[in-house]
Structure formats: C-alpha cells, structure tokens
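Here are some questions about the terms used for this structure. Each answer sets a value against its definition.

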Amino acid sequence: MNTLKTVGHPTSRIDAEKRVTGTATYTGDLRLPGMLYARVLRSPHPHARIRRIDLSRAQALPGVKAILTHENCDVIWGSGDMRNKRYLFNDPVRFVGDAVAAVAATDRHTAEEATRLIAVDYEVLPFVLEPEDALKPGAPEIQPGGNLSPTARGAHEPEQYRRGNIDEGLRAADRVFEDQYSSPHINNAQLEPRVAIAQWDGDRLTVHTPTQGISNCHTEIARDLKLAPEKVRIICQFMGGGFGNKNQDHDFELMAAVLAQQAGAPVKIEFTRKEDFLAVHGRWPTKQYYKVGVRNDGTLTAIQLRGYSGMGPYRKGTGGIAGIEIYQCPHVERLVYPTYTNKAVSANLRGPDFPQGVFGIESLMDDVAYALKMDPVEFRLKNMTRKLNDQIPYTSIGLEDCIRRGAEAFEWRKRWHAPGEGSGPVKRGAGMAMGSFSSSMGRSSAVIDLDARGTYHLHVGVTDIGTGAKTTMALIAAEELGVPLEKIDVIWGDTDRCPFSVGESGSRTTTQTGWAVVEAAKDLKRQMAEKGLPQGNQLLTATVNANPAPLTGQARYSFVAHFAEVEVDTETGHVRVTKYVAAHDSGRIVNPLTAESQVKGGATMGIGMALHEELLYDRASGQPLNAGYYGARILTHLDTPEVDVLWIQTEDPYGPFGAKTLGEPTIIPSPASVGNAIHNAIGKRVNDLPITREKILGVLA
Amino acid sequence: MSKISRRRFVEGTGAGLVATTVPLQGQTAKAAAAVPHTTVKLTVNGTVHRLDVEDRWTLAEVLRDHLGLTGSKIGCDRGECGACTVLLDGKNVYSCSQLAVWADGRTVQTVEGLAQNGKLDPLQEAFIEHDGPQCGFCTSGQLMSAKALLNHNPHPTTDEVRAGMTGNICRCGNYNHYVESVLAAAATLAADSRRKA
Ligand code: FES
Ligand code: FES
C-alpha cells in the first residue's frame with residue numbers, strides 16, 4: 001500500500017483541546033433565555049389501558065406551563081415503529097417506561113414534582129416478556145394482528161434466507177451438531193443522557209439535540225410534525241455517544257417541540273439515566289437454535305438457524321440475527337422471528353444484528369472444531385467466507401490475514417490447549433472468533449468553500465459521535481487537496497450550514513461522507529485550475545452530492561478476528577481477560593490514532609456484553625430490576641484489559657483512499673471470543689449471555 | 001406479593017421512573033412553591049462565590065446551571081458514572097451526589113480550573129496526544145480523578161491508575177488510552193520537577 005501525506009498518520013483530533021478543557025458545548029450545556037424544563041411521566045405497568053388521567057393537581061402547581069398526554073397530543077413518532085402507529089403517548093401503554101405525560105415548567109424540580117402530581121387510573125392488562133411465550137396461542141396481544149412482527153410487505157411470517165437445500169445438506173453430513181444460545185436485552189448506555197432544546201421562531205423550529213444524524217433527524221422531525229423541511233433546523237455541535245440509539249428522530253425531540261409550541265417558550269427536555277435505560281432502546285434479546293452439518297474432514301455441509309428476537313412492543317429495529325454468513329457452506333437456512341413483548345424496546349446498538357448472532361454460531365463452530373479434533377483457528381481458515389454467500393466476490397478480503405496474523409500476534413499456539421486442561425483453581429484458556437460487516441458505498445454530500453486567505457471551509461453534516469469524524473473528514477480533504485491539515489476549517493452539525501450526510505450509523509461516515517469529500521475536493525481543484533484562486537471576498541465553492549452507483553457483482557465488506565485469553569477462578573467463577581488481540585481489515589486506516597480508540601472501545605464493550613450486561617426482569621410482575629450503570633455492571637477501568645490492535649490494511653479499489661468501515665466490526669467477535677476462551681479454560685460451555693459467575697459455577701458443578 | 005402495590009414495588013426495587021398512580025401525601029402546591037434555601041460560600045477555581053441556593057440543589061446543578069461551569073457533565077445524576085467528578089478540598093467526589101449546601105465554606109476545582117495562565121495541565125496535553133476522549137462526555141471526570149490521583153501519588157503504576165480512576169465509567173471504552181495518558185502525564189511531571197530541582 002502506498003504511503004500518503006496526511007491520511008494514514010496518527011493525528012490528534014482537531015477539536016481535542018475543547019474536549020479536555022470543558023469548553024466543548026453539548027446540548028445539555030446550553031441555556032436559552034426564558035427556557036422551560038420538561039420531564040416525563042412513565043408507565044409503571046408492563047401493559048395497561050389508561051382509564052383516566054387527572055391533571056388538575058399538576059396544573060395547579062405554580063410554574064407548570066404545559067402538559068401533554070395521549071388525550072391532547074396525537075403526534076405519531078414515525079421512527080419509533082416501522083410497522084405500527086406509535087404515538088408520543090400511547091394508550092394502552094405497553095412496557096414499563098412507556099411515556100404517559102410530559103410536563104414543562106419553569107425549572108426541572110417543578111416539572112418533576114408536577115409529574116408526581118398527575119394521577120393516572122390504569123386498567124392493568126396481562127403481559128408477556130419472552131418472545132417464544134409471546135408467540136404461543138392465547139398470549140396477550142401486544143399489537144393488532146399478533147405478536148409476530150410483520151415483514152416489510154406486511155406478511156406475518158418470519159424473516160427468511162435460504163440457499164441450497166437444508167435437508168440435503170444435513171443428509172450429506174457425517175455428523176450433525178445441534179445447540180441453542182441466548183442473549184439478553186442490554187442498553188447502549190452512552191454516557192450523555194437524552195436532552196433536547198426546542199425553540200420556535202414564528203413557524204420555524206430549531207431543535208438542539210444530541211443526534212447521530214442531523215439530516216435524517218431533520219427530515220423525520222419535519223415529517224412527524226407535518227412541517228416543511230425548510231421550517232426545521234437541527235443543531236448538534238458536540239454529542240456524548242449513542243451507539244445506535246441517537247439516530248433518526250426521537251420522541252424527546254418531538255415532545256420538546258410540542259411543549260415549546262404550547263407553552264410559547266423554549267423547552268429543554270431531560271431524560272434521567274433510568275429513563276435512558278428503560279424507555280429508549282437497547283440491543284434485542286435473542287434465542288437461537290442451530291443445526292450444523294459437517295463432514296469428518298471439517299467441511300461444512302449445512303447451517304440452519306431458527307431465531308427469536310424480542311423487540312419490545314414496538315418494531316424500532318430489524319431484529320436480525322447475523323453471523324452465519326462468515327462461513328462458506330452450500331446449504332443454509334435462516335428463519336428469524338422478530339416478536340413483540342412487554343419488555344423495553346429493542347433496536348440498534350453497535351453492530352445491531354451481529355455480536356449476539358456471532359456468539360451463537362462461533363460458540364457452536366468452536367464445539368464442532370473440538371469434536372473433530374481440529375484447532376479452532378485451522379477450522380475457521382478452512383471454512384471462512386471467500387465470497388459473500390458463496391456467490392458474490394468481495395472487493396477486497398483480509399479475513400485470512402486477520403486470522404493468521406492475529407493468531408501469531410496473540411501467540412495462539414502457546415496459549416491455546418485442549419479444553420479444560422490444566423490444574424485449578426485458576427484456569428487459563430484461549431479463544432477466538434471472526435466477523436464481517438458491510439462497507440457498501442452510498443449517497444452523501446460535502447461542500448468546500450475556498451476563500452482568498454487560502455482557508456478551505458469544509459461543510460459536512462456529521463456530528464462526530466466520538467469516532468473522530470470531523471478530523472477524519474478534514475484529513476481526507478487535506479490529502480485530496482494537497483494542503484496541510486491546518487488549512488481545513490470544518491463546519492459540522494447544523495442543517496442550516498451543512499449538506500446532507502448519511503448519519504453516523506452503519507459505520508458509514510468515512511466511506512460515504514468521506515467519499516463525497518474526495519469528490520468535492522477534486523471538483524474544487526478543477527475549478528481552481530480553470531478560474532484561478534478567489535480574490536477579496538470571493539469564494540470558490542465546490543458542492544457535491546455523491547451518489548456512487550451500487551456495486552454490481554461485487555460486495556464490499558470489512559473483516560475482523562479477535563483473540564482473547566482469560567483466567568477463570570473455578571472456585572468463585574470470576575473471569576479476568578488477560579490478553580486481547582483485535583485484528584481488523586478495514587482497508588486503509590485514515591487516522592490510526594482515533595481508529596485504535598474505536599477498536600479498543602468496541603472490544604471493551606463486547607467484553608462487558610460477554611461477562612456482565614443484562615437487563616433483568618421480574619417474571620411475576622414484569623418489572624425491570626437493574627436499570628443503570630451499577631445494575632448493568634458496565635465495564636470499568638479495573639475490568640478492562642489492554643487491547644492490542646492489529647491493522648490488516650487491504651487495498652480496496654473503492655471508498656476514500658480505500659478506507660472501509662470500522663466502528664461496528666470492533667464489537668462483533670468480542671463476546672464470542674471471550675466465551676470461547678472461557679470454554680477453553682474450563683472445558684464447559686455457557687450458552688447464555690452474559691457468562692456470569694453463577695453460570696460458570698453452575699456448569700462446573 | 002399481592003399486598004404490595006405495584007407502585008411501591010417499582011420504587012422499592014429502584015426501578016421506578018417518575019411514576020405514581022396516587023398523589024403524594026401532604027404535598028400541596030403552596031408547599032412546593034416555598035422551597036427552603038440557604039446562602040453558601042463556595043470557592044470555585046480560586047474565585048469566591050456567595051450564592052443563595054435551594055437546599056435541594058446538587059453541587060453539580062449549581063456549578064452547571066448557576067455558575068455556568070458546564071465542563072462537569074451529568075451522566076447519571078445518581079453516583080454511578082463519574083462524569084460529574086470535581087475536586088472538593090482536593091478530593092475527587094461526584095458533584096451530583098453532594099448537595100450544594102454541604103459545600104458551604106469549601107473549595108471546589110473543576111475541569112475549567114485545570115489550565116493555569118492559559119497553559120494546559122500536563123494531563124490535558126497527554127489526553128490530547130493519546131486520544132483519551134472519544135465522545136468526550138466522561139473526559140472532565142476522568143481528568144479530575146486523574147488529577148486527584150497524581151496529587152497524592154505522583155508516580156502511580158498502571159494498576160494504581162486503574163484503581164484510582166475506576167469510579168469513572170467510559171462507555172466509549174477508551175480506558176487503555178486514558179491510562180496511557182495519565183502515565184505519560186506523570187512522567188512529564190516527574191521530568192519537570194527533576195529539571196527544576
Ligand atoms: S453524574 Fe454524577 S456520578 Fe454520574
Ligand atoms: S469518551 Fe465517551 S464515554 Fe468516555
């Protein structure tokens with residue numbers, strides 16, 4: 001790979017100083033004159049009809065300016081459910097945390113107090129928590145038409161994928177392996193809670209909100225409030241993470257807008273941390289049943305998955321279960337049932353369909369390798385994907401190198417042994433897992449203005465959710481323009497000043513918006529050659545709406561393999577991760593410094609998913625029990641190992657300088673590699689995430 | 001179980017949102033309006049403030065909403081994340097879990113008080129160089145815990161840094177880079193003091 005001037009060198013963020021001096025302004029830091037504060041009242045029941053709401057005492061509280069309920073607000077939150085009508089306030093309420101009312105008052109304490117003064121008379125309804133129970137005849141119906149969430153075409157049938165003939169594949173096998181796995185609902189738990197400020201200026205609405213995508217948030221707020229798009233402005237200058245739960249428009253933004261309209265004053269709405277855990281969304285819980293057919297030489301003949309995803313009562317995410325596509329295999333069948341339940345809503349969390357699915361299939365494949373007396377690394381090298389679904393060639397694939405070089409860096413041969421070998425009480429083991437993630441090209445935009453002083457003003461609709469996107473965009477512009485990074489001034493996060501961007505979801509910003517930046521820089525260079533440099537107050541402007549033709553006959557993917565070593569205390573069940581290597585093919589790495597942060601962060605989040613995180617429910621009452629950071633046992637400084645990062649920089653002919661997707665692949669194989677390491681250490685498998693001490697002691701007993 | 005109302009159950013398990021089905025006892029509109037307040041003296045980043053605070057305000061609230069020091073963040077408002085960490089008389093505390101009235105007469109340092117005479121603290125320099133902040137929302141808290149650590153232990157080991165900062169959650173998971181940063185800053189400070197000696 002050729003060396004470039006600016007791209008590819010570790011570079012501190014262009015806004016780093018703001019981030020370390022407390023001067024980076026997040027939405028919650030803003031105060032507008034005359035601003036009111038809003039709080040939300042939520043359902044304490046998993047499923048109930050609202051008989052009556054009495055607002056009189058709340059309305060009488062001095063300082064209360066506006067109250068919304070389902071009786072006076074019929075705004076539909078379009079992005080809250082892709083199948084049904086989901087209102088801002090619903091009757092019946094369908095999960096503990098469903099919004100019942102929102103109050104705006106002169107200060108937050110008054111608003112909070114007012115929510116306590118609202119009396120709601122509920123008719124409690126039967127509820128159901130687990131997807132498989134929800135699909136049984138006679139289960140409480142959560143949405144009209146049944147609890148199996150319909151497909152995009154409206155059919156009440158599972159999501160299906162097939163190639164070959166699964167029965168034939170199973171018949172062709174020497175051995176068939178079968179097992180089942182589960183993963184719980186876990187929360188995104190981004191550190192910045194939900195807060196938005198809505199302000200009306202006549203009929204024009206400005207919303208300050210921590211969003212992952214100003215453009216889609218803009219279009220969707222306009223849609224949901226029935227406003228012309230030019231009547232809406234979205235601003236997000238700094239935001240404190242989201243991992244998938246701050247993309248598109250959200251109910252809190254709409255609530256703030258409607259409250260502000262009714263109260264005739266700007267409104268800042270704040271959700272508590274508990275609300276963030278219960279009332280927004282987390283990763284969908286799954287139950288996965290697999291059958292795998294294999295020949296004695298280790299060749300796969302069939303993979304079958306029947307999976308259930310608990311979506312909560314609204315279909316906000318796909319509910320997909322991915323992972324089997326990392327294997328080549330002639331006969332494959334996947335049926336997934338996205339199902340309504342009365343638990344918290346489920347939707348995107350970093351690599352939405354992947355880490356839980358990869359945990360299932362990679363646990364089973366590990367067992368298959370052991371049963372065939374094959375080294376798990378060799379087994380994966382033999383069976384890993386070479387073409388997407390065995391049909392479509394990849395534009396570039398570094399998976400084999402991720403596995404080989406990752407294993408080498410990890411010292412796999414030294415650390416790995418027969419499962420359970422070694423004497424206790426503290427046992428060591430090694431495990432690995434692999435993954436892939438789409439890195440397709442698509443629509444995005446960029447504008448570059450060159451002024452007479454030689455500064456390039458780069459307008460991009462990114463918000464930088466922590467990935468370093470602003471810096472990445474600046475590096476790409478500097479490289480293509482052939483100017484030093486300091487010459488680039490980035491303008492971001494404001495729909496009045498920035499063009500369309502795809503949104504920081506699907507890890508698409510570098511490939512898609514980055515591509516638009518390259519195209520805009522090329523256009524500007526052409527203009528400079530033609531028209532010369534701008535003089536006086538002139539600007540030379542390049543505007544690009546890049547919409548690269550979809551690849552035909554090729555697929556563009558990133559690849560990854562992670563390796564973990566653990567120590568398991570067989571007396572207490574305690575697990576410590578002692579070595580971790582993450583090998584990534586994300587094409588060319590634009591900024592190795594911030595990219596390394598991404599990998600470390602994703603792997604860390606995955607280790608937490610493997611060992612700790614789960615939103616627990618009381619089965620009898622349907623109440624969530626452990627919302628919050630302590631309850632979720634989010635990984636801390638003390639729990640986190642050193643994560644070694646290895647770049648496998650394949651040459652890819654597409655994308656900005658050959659860059660592929662990175663943010664989400666970082667979590668994909670992490671829970672599975674830790675699970676496989678635990679199995680290697682103790683010789684027993686825990687099939688249900690998280691792999692807690694009790695479960696480890698349980699399988700050892 | 002059937003004797004416990006659902007509302008009480010929700011509150012009792014700590015899972016309750018702001019949610020009740022009956023009005024609170026003895027709560028009248030009037031009582032709510034007349035909130036007790038107290039005058040306190042706070043020294044914040046070297047400046048003395050005399051403030052009339054409501055007794056229910058937390059230190060975090062006063063710093064952010066009433067003194068405009070928004071560098072300290074509120075991630076949970078319940079003592080679980082560390083985003084609100086400040087130094088109270090030199091010790092790192094969660095400012096969301098301190099009432100402002102408790103800080104009467106005491107000294108507070110926030111992230112805004114780290115840079116001296118326009119010069120960044122070596123910790124801030126190291127955070128920039130080692131890419132400590134991703135989203136940056138936990139960063140002020142990480143900095144203040146690191147500051148407290150280096151104040152009483154100028155030469156920490158990796159494990160001591162981890163232990164000293166373990167009350168500061170980073171969901172972006174950038175712990176490795178934060179620890180690296182603190183060790184680098186400790187090395188810089190040590191080199192500086194050797195030069196001065
Ligand atoms: S905001 Fe104070 S500990 Fe989380
Ligand atoms: S940098 Fe985002 S939470 Fe730490």
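Q: Why is Phe379(A) called buried?
A: Buried means under 20% relative accessible area, exposed over 50%, and partly exposed in between (1.4 Å probe, protein chains only). Phe379(A) has a relative accessible area of 0%, so Phe379(A) counts as buried.

Q: What kind of model is this, and how are its parts labelled?
A: This is a predicted model, in which local features need pLDDT of at least 70 and side-chain atom pairs count only at pLDDT 80 or more, while totals for chains, interfaces and linings use all residues. Residues are numbered from 1 along each chain as its sequence is written, chains are lettered from A and ligands numbered from 1 in the order in which they are written, and side-chain values use heavy atoms, leaving out hydrogens and water.

Q: Which parts of the chain does the pair of Tyr26(A) and Phe238(A) link?
A: Helices (H or I, at least four residues) and strands (E, at least two) are DSSP runs, numbered from the N terminus. Tyr26(A) sits in the loop between α1 (16-21) and β1 (36-42) of chain A. Phe238(A) sits in the loop between β11 (232-235) and α7 (251-263) of chain A. The two are 212 residues apart, so the pair links distant parts of the chain. Both Tyr26(A) and Phe238(A) are buried.

Q: How do you know that Tyr327(A) and Phe379(A) are tilted?
A: Their planes are 50 degrees apart, and their ring centres are 6.5 Å apart. Tyr327(A) lies in the loop between β15 (300-310) and β16 (331-339) of chain A, and Phe379(A) in helix α10 (residues 376-383) of chain A. Tyr327(A) is buried too, at 0% relative accessibility.

Q: What puts Arg42(A) over the face of Phe271(A)?
A: A charge sits over a ring if NZ of Lys or CZ of Arg is within 6 Å of the ring centre and within 35 degrees of the ring normal. Arg42(A) is at 4.6 Å from the ring centre of Phe271(A). Arg86(A) likewise lies over the face of Tyr314(A), at 4.1 Å.

Q: Why is helix α8 (residues 273-280) of chain A called largely enclosed?
A: 8 of its 8 residues are buried, so the rest of the structure largely encloses it. Among them are Phe277(A), Leu278(A) and Val280(A). The buried residues of α8(A) pack against β1, β8 (186-187), β12 (267-270) and α16 (629-632) of chain A. Contact here means heavy atoms within 4.5 Å.

Technical notes. Phe/Tyr/Trp six-rings, centres within 6.5 Å; stacked < 30°, edge-to-face > 60°.
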